[in-house]
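Dear colleague,

Please find below the structure that I am handing over to you, followed by an account of what was found in it.

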Amino acid sequence: MRARGLRVCLDARIPDGTHGGVQQVILGIANGLAALPPGPEEYLFLVEPGQWEWLRPHLGGPCRPLEAGARAGSTWSQAVGALHPGRMGRLAARALRRDRSPGAPDSDGTVERAGVDVVHLTLQTGFRTRLPTLYQPHDLQHVHLPELFPEEELAAREAVYPDLCRRAACVVAGTHWGREDLIRSYGLSPSRVRTVYLAPAIDAYPPLAPSEVLEARRRLSLPDAFALFPAQTWPHKNHRTLLEALALLRREGGPVVPLVLTGREGRSFPEVRARIAELGLAGQVTSLGFLPEPDVRAVYASARLLVYPSLFEGFGMPILEAMRLGVPVAASRATSLPEVAGDAARLFDPTDARDLAAAIRDLWDDPARRDALAARGRTHAARFTWRKTATTFRALYRMVGGRELDASDREALADTGPDPASPC
């Protein structure tokens, strides 16, 4: 084992507001690493020139930016675009089909020239390098729900994900459910796949004073009481069933529950807007779109409950964000969400509008139940911190980088897999 310092590069090549929860994960990891006691590590966050102002306030201590080269900017941006809709995705998918060895693009040498020892690919996409890598694909939604993806995006994911998994020294999942899914879906060795729990993204931002919350409520014209669903309008977020549940409640004489939607209005938003009109919910549903973080926090703090009807999640960070702020949660029981929610949420079947409606009604009409669930949520969310996440990643960086592990490293790795003592 080598004892010298360790230089780690984390991939952060995304524009502000385009990657939802993935952006929040990067911010949280940066905050966690910056807060660790000084050690022999330094952390370089790989960014596109001119596109990293969103990250700047979160880099401190051993964390600093590393700007990608000009050639890398175009090539890697195309790779990112391949996993998302639009012209860039179509261009990248065609490039992948022309490639004799489809998969992620090669490194342009930026990280190698910077003397990096370990690369952490925090995005679903990434790049090929001879350096040891951790790959964090977040979820395999495209494997289970391929019908929700355009052909070009699906082809890109099917090329990139397996390629980066095969090349990685260690593959990281956000939950034990996700870890098992990676092992089953790609035939990975269990010793190479680790679970690293995340934490609420709002912990990376300063809290708001009550007066700031009130000002945001007025400015955003929030209802006096409302249910909140914070999610980009991707098909798997399941806005459609949530709207049907609200309409069902009203049609059958239940409460008229105002709903506030936040998150970038993506490719499915026209369908969501049309369904709102069809169901007669135009006066009941408000979409605020992408919000800056202080406003996100204010909306959370003002909500009566959070409802999260997603069909597929690798983690489901908004559940913990709501719990951190004392907001009771009604959540889908799909995929990893029960693991993240623990016993602190009212779970429901996300494919059953009637079950979803019952969950909303249970919390909306019962203040005592809301208070009890909110208290359990605060206790549950306290187990998740970015310091703990960063400590676990640091231990993995040291392991993958061939550095000696100390007692704190071994403790941090204890819950990452069935055999934490075995190297990736």
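In which loop is the place of His138? His138 sits in the loop between strand S5 (133-135) and helix H5 (141-144). Please bear in mind throughout that the model is predicted.

**Backbone points in loops**

His138 is not a glycine, yet its phi is positive, at about 75°. Ser221 belongs to the loop between H8 and strand S8 (227-230). Is Ser221 buried or exposed? Its relative accessibility is 57%, and exposed means over 50%, so Ser221 counts as exposed.

Helix H1 comprises residues 20-35. H1 has 16 residues, and the distance from its first C-alpha to its last is 23 Å, close to the 22 Å expected at 1.5 Å a residue. Its buried residues include Val22, Gln23, Gln24, Val25 and Ile26, and Leu27, Gly28, Ile29, Ala30, Gly32 and Leu33 are also among them.

With a relative accessible area of 26%, Ala34 is partly exposed. Leaving out residues up to four places away in sequence, Ala34 touches Gly60, Pro62 and Cys63. Ala34 and Leu59 are 25 residues apart in sequence, while their C-alpha atoms are 6.8 Å apart in space.

Helix H16 covers residues 386-400. Why can H16 be called largely enclosed by the rest of the structure? The reason is that 13 of its 15 residues are buried. H16 is followed by Gly402, which has a positive phi near 75°.

The axes of H1 and H16 come within 8 Å and cross at roughly 80°. The two helices are therefore roughly perpendicular to each other. On the H1 side, the contact is made by Gln24, Val25, Gly28, Ile29, Gly32, Leu33 and Ala35; on the H16 side, it is made by Trp386, Arg387, Ala390, Phe393 and Tyr397. By class, this contact has eight nonpolar, three polar and one charged residues.

**Helices H9 and H14**

Helix H9 (residues 239-251) and helix H14 (residues 353-364) have axes that come within 8 Å and cross at roughly 65°. That angle makes H9 roughly perpendicular to H14. The crossing of H9 past H14 is right-handed. H9 contributes Thr241, Leu242, Glu244, Ala245, Leu246, Leu248 and Leu249 to the contact, and H14 contributes Ala353, Arg354, Leu356, Ala357, Ile360 and Arg361. Sorted by class, the contact of H9 with H14 has nine nonpolar, one polar and three charged residues.

**Helices H8 and H11**

Helix H8 (residues 210-220) packs with helix H11 (residues 293-302) at an angle of about 95°, and their axes are 9 Å apart. H8 and H11 are therefore roughly perpendicular to each other. Which residues of H8 and H11 meet? Val213, Ala216, Arg217, Arg219 and Leu220 in H8 meet Asp295, Ala298, Val299, Ala301 and Ser302 in H11. These divide into six nonpolar, one polar and three charged residues.

Arg297 is also found in H11. Arg297 is buried, with a relative accessible area of 15%. Apart from neighbours within four places in sequence, Arg297 is in contact with Ile202, Tyr205, Pro206, Pro207, Leu208 and Leu325. Arg297 and Cys424 are 127 residues apart in sequence, and 37 Å separates their C-alpha atoms.

**A position in helix H6**

Ala155 is found in helix H6 (residues 151-167). Its relative accessible area of 27% makes Ala155 partly exposed. Ala155 and Leu222 are 67 residues apart along the chain, and their C-alpha atoms are separated by 41 Å.

With kind regards

Technical notes:
Residues are numbered from 1 along each chain as its sequence is written. This is a predicted model: local features need pLDDT of at least 70, side-chain atom pairs count only at pLDDT 80 or more; totals for chains, interfaces and linings use all residues. Side-chain values use heavy atoms; hydrogens and water are left out. Helices (H or I, at least four residues) and strands (E, at least two) are DSSP runs, numbered from the N terminus. The expected span of a helix is 1.5 Å times one less than its number of residues. Buried means under 20% relative accessible area, exposed over 50%, partly exposed in between (1.4 Å probe, protein chains only). Axes are lines fitted to C-alpha atoms, for helices over the stretch in contact, and angles run from 0 to 180 degrees between N-to-C directions. Angles under 35 degrees count as roughly parallel, over 145 as roughly antiparallel, 65 to 115 as roughly perpendicular and the rest as oblique. A crossing is left-handed if the near helix is turned anticlockwise from the far one by less than a right angle, and right-handed if clockwise. Contact means heavy atoms within 4.5 Å. Ala, Val, Leu, Ile, Met, Phe, Trp, Tyr, Cys and Pro count as nonpolar, Asp, Glu, Lys and Arg as charged, and the others, Gly among them, as polar.
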